[in-house]
Amino acid sequence: MEIKFNGQWREFPDDSTVIEVLDAVGASRQGVAVAVNGEVVRRGDWAAAVVPKGANFDVLTAVQGG
Amino acid sequence: MDDLIIGSHKYSSRLIIGTGGAANLEVLERALVASGTELTTVALRRADAEGGSGVLELLRRLDIQLLPNTAGCRTAAEAVLTAQLAREALDTDLVKLEVHADDRTLLPDPIETLEAAERLVADGFTVFAYTNDDPVLALRLEEAGCAAVMPLGAPIGTGLGIRNPHNIELIVARASVPVVLDAGIGTASDATLAMELGCAAVLLSTAVTRAADPERMAAAMRAAVEAGYLARGAGRVPQRFWAHASSPPR
């Protein structure tokens with residue numbers, strides 16, 4: 001299935017969970033937050049949360065900023 | 001100096017530093033150490049965005065607390081989502097609420113800011129609200145439950161100093177939460193003035209990170225904030241029109 005990962009369409013196995021998506025792209029699990037379709041997915045739910053086909057999946061972290 | 005208390009957090013430094021604008025992490029580290037700050041702002045961006053690596057590690061190594069901001073947000077809804085993501089990523093209840101009206105001025109949007117503040121307070125955040133130097137709005141933000149109100153001295157990054165000192169004094173006179181002067185600081189005397197006006201702390205980034213010598217300017221800001229705090233506590237003499245001899249008359 002296709003997911004829009006950080007703004008770019010990418011292919012993932014059907015019914016991937018949040019953790020499986022993070023692992024598939026090699027994203028860190030520390031110091032990051034995940035939003036699926038504009039809603040926060042709490043860290044404790046990552047293993048169980050299945051990402052819907054076509055979802056906007058964003059991984060965010062801290063950068064330098066005022 | 002007495003401790004600065006914001007919400008349930010306590011700091012011995014009254015200088016809060018923004019990390020934006022530093023040429024690299026080495027420069028930033030030297031400036032942060034020289035500033036003596038215990039709290040610094042960070043922004044939240046996509047994890048693959050440039051500049052995403054290293055700053056977290058640096059701040060943790062220096063044992064500096066994180067104050068994630070919502071810079072770049074235009075609406076209350078965006079700011080609330082960004083704050084929730086920051087809490088999830090960084091494991092902190094602190095948020096510097098910023099909702100900008102436009103890119104040209106980066107002025108805070110008062111209506112969206114107030115709405116976001118109400119929602120974030122209800123969601124358990126310790127909200128530092130970036131605001132215009134409007135005494136009425138500052139009070140409304142305090143009433144909404146913000147832990148600190150942060151009026152601007154001048155627009156972000158301008159270095160114009162405190163354009164309306166009287167408004168800052170009005171805010172300080174009525175606020176019961178700490179007032180943190182945020183934005184517009186250009187040089188050390190601006191930071192001193194903020195503290196002399198009664199602000200509890202100063203938040204700045206550009207003045208240090210884009211100075212020719214960030215480390216030295218950070219040290220200057222540290223001394224400036226301390227000087228202003230001491231002077232405010234000491235009580236300045238009244239300003240007079242005519243001379244008043246300090247030596248005894250003949």
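**Exercise 1. The nonpolar cores**

Find which residues touch the most other members among the 66 residues of the largest nonpolar core.

*Solution.* Start with the term: a nonpolar core is a set of buried Ala, Val, Leu, Ile, Met, Phe, Trp, Tyr and Cys residues joined through side-chain atoms within 4.5 Å. Buried means under 20% relative accessible area, exposed over 50%, and partly exposed in between, with a 1.4 Å probe and protein chains only. In the largest core, which has 66 residues, Val202(B) and Leu204(B) touch the most other members. Helix α3 (residues 76-90) of chain B gives this core its largest share, eight residues. Helices (H or I, at least four residues) and strands (E, at least two) are DSSP runs, numbered from the N terminus.

Next, look around Leu204(B). Not counting residues up to four places away in sequence, Leu204(B) touches Leu15(B), Ile16(B), Ile17(B), Gly18(B), Ile185(B) and Met221(B). Contact here means heavy atoms within 4.5 Å. Another core, of 17 residues, lies apart from the largest one, and Met1(A), Phe12(A), Val21(A) and Phe57(A) are among its members.

A word on the model before you go on: it is predicted, so local features need pLDDT of at least 70 and side-chain atom pairs count only at pLDDT 80 or more, while totals for chains, interfaces and linings use all residues. Residues are numbered from 1 along each chain as its sequence is written, chains are lettered from A and ligands numbered from 1 in the order in which they are written, and side-chain values use heavy atoms, leaving out hydrogens and water.

**Exercise 2. Two helix pairs**

Work out how α3(B) packs against α4(B), and then how α4(B) packs against α5(B).

*Solution.* Take α3(B) and helix α4 (residues 110-122) of chain B: they pack at an angle of about 40°, with their axes 8 Å apart. This makes α3(B) oblique to α4(B). The cut-offs are these: angles under 35 degrees count as roughly parallel, over 145 as roughly antiparallel, 65 to 115 as roughly perpendicular and the rest as oblique. Axes are lines fitted to C-alpha atoms, for helices over the stretch in contact, and angles run from 0 to 180 degrees between N-to-C directions.

Now the residues: Ala76(B), Ala77(B), Ala79(B), Val80(B) and Ala83(B) in α3(B) meet Glu112(B), Glu115(B), Ala116(B), Arg119(B) and Leu120(B) in α4(B).

For the second pair, α4(B) and helix α5 (residues 135-143) of chain B have an angle of about 15° and axes 9 Å apart. The two helices α4(B) and α5(B) are therefore roughly parallel. From α4(B), Pro110(B), Thr113(B), Leu114(B) and Ala117(B) make the contact, and from α5(B), Leu137(B), Arg140(B) and Leu141(B).

**Exercise 3. Positive phi**

Decide whether Leu106(B) is buried, exposed or partly exposed, and do likewise for Ala183(B).

*Solution.* Leu106(B) is not a glycine, yet has a positive phi of about 55°. Leu106(B) sits in the loop between β6 (94-97) and α4 of chain B. With a relative accessible area of 23%, Leu106(B) is partly exposed.

Ala183(B), not a glycine either, has a positive phi of about 85°. Ala183(B) belongs to the loop between β9 (180-182) and α7 (188-196) of chain B. Ala183(B) counts as buried, at 9% relative accessibility.

**Exercise 4. A tryptophan in a loop**

Locate Trp46(A) and list the residues in contact with Trp46(A).

*Solution.* Trp46(A) lies in the loop between β4 (39-41) and β5 (56-64) of chain A. At 2% relative accessibility, Trp46(A) counts as buried. Leaving aside neighbours within four places in sequence, Trp46(A) is in contact with Thr17(A), Val18(A), Ile19(A), Leu22(A), Arg29(A), Val32(A), Val34(A) and Val41(A).
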